[in-house]
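Have a look at the picture first, then read the points in order.

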Amino acid sequence: ILLAMAIYFLQPILPALLKKYLLASFLLLGGIYIGFIEASKFSAKLFPWVKRFVFVAFAGVAVWLAWPEEQAHSSHWKSYDESALQAAQREAKPVIIDFTAEWCIACKELEKFTFPHEEVMKRADRFVFLRADLTHISSAPVQDMLKRYDIKGMPTVIFLDAEGREVAAQRVVGFVDGKNFAQRMDAVAKL
């Protein structure tokens, strides 16, 4: 369990493939070892069943971790760049910019729970969704973006009206649920 926790805390700095499968593989191998290889002999008749239960639990968690995530909302997001902002202004569409990073846990919560929420998806066609990757925070382009949009931490989501001005009252810093996010979308769309 201690080694699994170490792997969990290393995940933000691991390459994508390792991040996805290392912990799941470790749990599966640990479950096999405990369930079938570990040779402790106890007189209790229940002990072999406990070992097998541990195997089933570890294997179940491993499969759950390795299962491909459904990205129902991913088709709406485009990478942030100036041309996408200008195109949105030409179309007179409001813009949502998600400032995120690979190592940001709360960003993953927004991506998994808030953005695919039914209420958010109903309103998605009225907006242009841009995602700004701030993973390499010390790089010059990222530092320029942090200053330009006054980003203090992540996750930060800003809303721009159809003319490209930020609607500061609707800025999201941290996690909000789908209903709250949808209300913010409504407020921006009415402007």
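**Notes on helix packing and cores**

1. Let's begin with a helix pair in this predicted model. Helix α2 (residues 16-37) packs with helix α3 (residues 47-66) at an angle of about 165°, and their axes lie 8 Å apart. An angle over 145 degrees counts as roughly antiparallel, so α2 is roughly antiparallel to α3. The crossing of α2 past α3 is left-handed.

2. Which residues make the contact between α2 and α3? On the α2 side they include Y21, L23, L27, L28, I32 and F36. On the α3 side, V54, F55, F58, V61 and L65 are among them. By type, the residues of this contact divide into 16 nonpolar, three polar and three charged.

3. Next, please turn to the largest nonpolar core, which has 22 residues. Inside this core, I97, F99 and Y149 have the most contacts. The elements that each give two or more residues to the core are the helices α4 (82-90) and α7 (140-149), together with the strands β2 (95-100), β3 (128-133) and β4 (156-160). Helix α7 provides the largest share, four residues.

4. Leaving aside residues up to four places away in sequence, what does Y149 touch? Its partners are Y80, L85, I97, F99, I158 and R171. Two of these, I97 and F99, are named with Y149 as having the most contacts inside the core.

5. Finally, do look for a second, separate core, made of 17 residues. Among them are F115, V157, V167 and V172.

How values were computed: Residues are numbered from 1 along each chain as its sequence is written. This is a predicted model: local features need pLDDT of at least 70, side-chain atom pairs count only at pLDDT 80 or more; totals for chains, interfaces and linings use all residues. Side-chain values use heavy atoms; hydrogens and water are left out. A nonpolar core is a set of buried Ala, Val, Leu, Ile, Met, Phe, Trp, Tyr and Cys residues joined through side-chain atoms within 4.5 Å. Buried means under 20% relative accessible area, exposed over 50%, partly exposed in between (1.4 Å probe, protein chains only). Contact means heavy atoms within 4.5 Å. Axes are lines fitted to C-alpha atoms, for helices over the stretch in contact, and angles run from 0 to 180 degrees between N-to-C directions. Angles under 35 degrees count as roughly parallel, over 145 as roughly antiparallel, 65 to 115 as roughly perpendicular and the rest as oblique. A crossing is left-handed if the near helix is turned anticlockwise from the far one by less than a right angle, and right-handed if clockwise. Ala, Val, Leu, Ile, Met, Phe, Trp, Tyr, Cys and Pro count as nonpolar, Asp, Glu, Lys and Arg as charged, and the others, Gly among them, as polar.
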